Amino acid sequence: MRGMRITVAFILKLSASGMDIPTILAAYPELEEEDIRQSLAYAAWLAAEQVRPIPQEASRS
């Protein structure tokens with residue numbers, strides 16, 4: 001994240017654990033709101049690019 005040691009994955013984990021943007025910013029003042037929004041946008045882009053077929057064995061269950 002902008003040359004910091006805070007990763008996109010870490011920000012996503014914070015968000016997934018229930019922390020909202022103001023809480024994350026209070027805990028990590030070196031971040032900016034745009035950093036968090038860009039992390040979420042990047043994660044959404046990555047998720048949209050993933051296409052995985054359902055294995056035949058799993059679909060029979």
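This report describes the fold, the aromatic pairs and a nonpolar surface patch of a predicted model.

## Overall fold

The chain contains four helices and zero strands, and its elements follow the pattern α-α-α-α when read along the sequence. Of the 61 residues in the chain, 15% are buried. The chain exposes about 4800 Å², of which carbon and sulfur atoms supply 56%. Among the contacts in the chain with a separation of 6 or more, 53% are accounted for by residues 24 or more positions apart.

## Aromatic pairs

The count of aromatic pairs comes to two. One of them joins Phe10 and Tyr28 in an edge-to-face arrangement, with 5.4 Å centre to centre and 85 degrees between the planes. Phe10 lies in helix H1 (residues 8-16) and Tyr28 in the loop between helix H2 (21-27) and H3, so this pair ties together parts that are 18 residues apart in sequence. Phe10 counts as partly exposed at 32% relative accessibility, and Tyr28 is also partly exposed, with a relative accessible area of 23%.

Tyr42 and Trp45 form a stacked pair, for which the centre-to-centre value is 6.0 Å and the angle between the planes is 25 degrees. Both residues belong to helix H3, where they are three residues apart and therefore separated by about one helical turn.

## Nonpolar surface patch

Tyr42 and Trp45 also contribute, together with Leu46, to a nonpolar surface patch of about 310 Å². Tyr42, placed in helix H3 (residues 33-49), counts as partly exposed because its relative accessibility is 41%, and Trp45 is likewise partly exposed, at 49%.

Methods
Residues numbered from 1 in each chain as written. Predicted model: local features only at pLDDT ≥ 70, side-chain atom pairs only at ≥ 80, totals over all residues. Heavy atoms only, no water. Patch = residues over 30% accessible without salt bridge, like charges linked within 9 Å, V, L, I, M, F, W, Y side chains within 5 Å. Areas by Shrake-Rupley, 256 points an atom, 1.4 Å probe, with all protein chains shown as cover. Salt bridge = Lys/Arg side-chain N within 4 Å of Asp/Glu carboxyl O. Helix = DSSP H or I, 4+ residues; strand = E, 2+ residues; numbered from the N terminus. Buried < 20%, exposed > 50% of the residue type's maximum accessible area, 1.4 Å probe, protein only. Contact = heavy atoms within 4.5 Å. Phe/Tyr/Trp six-rings, centres within 6.5 Å; stacked < 30°, edge-to-face > 60°.
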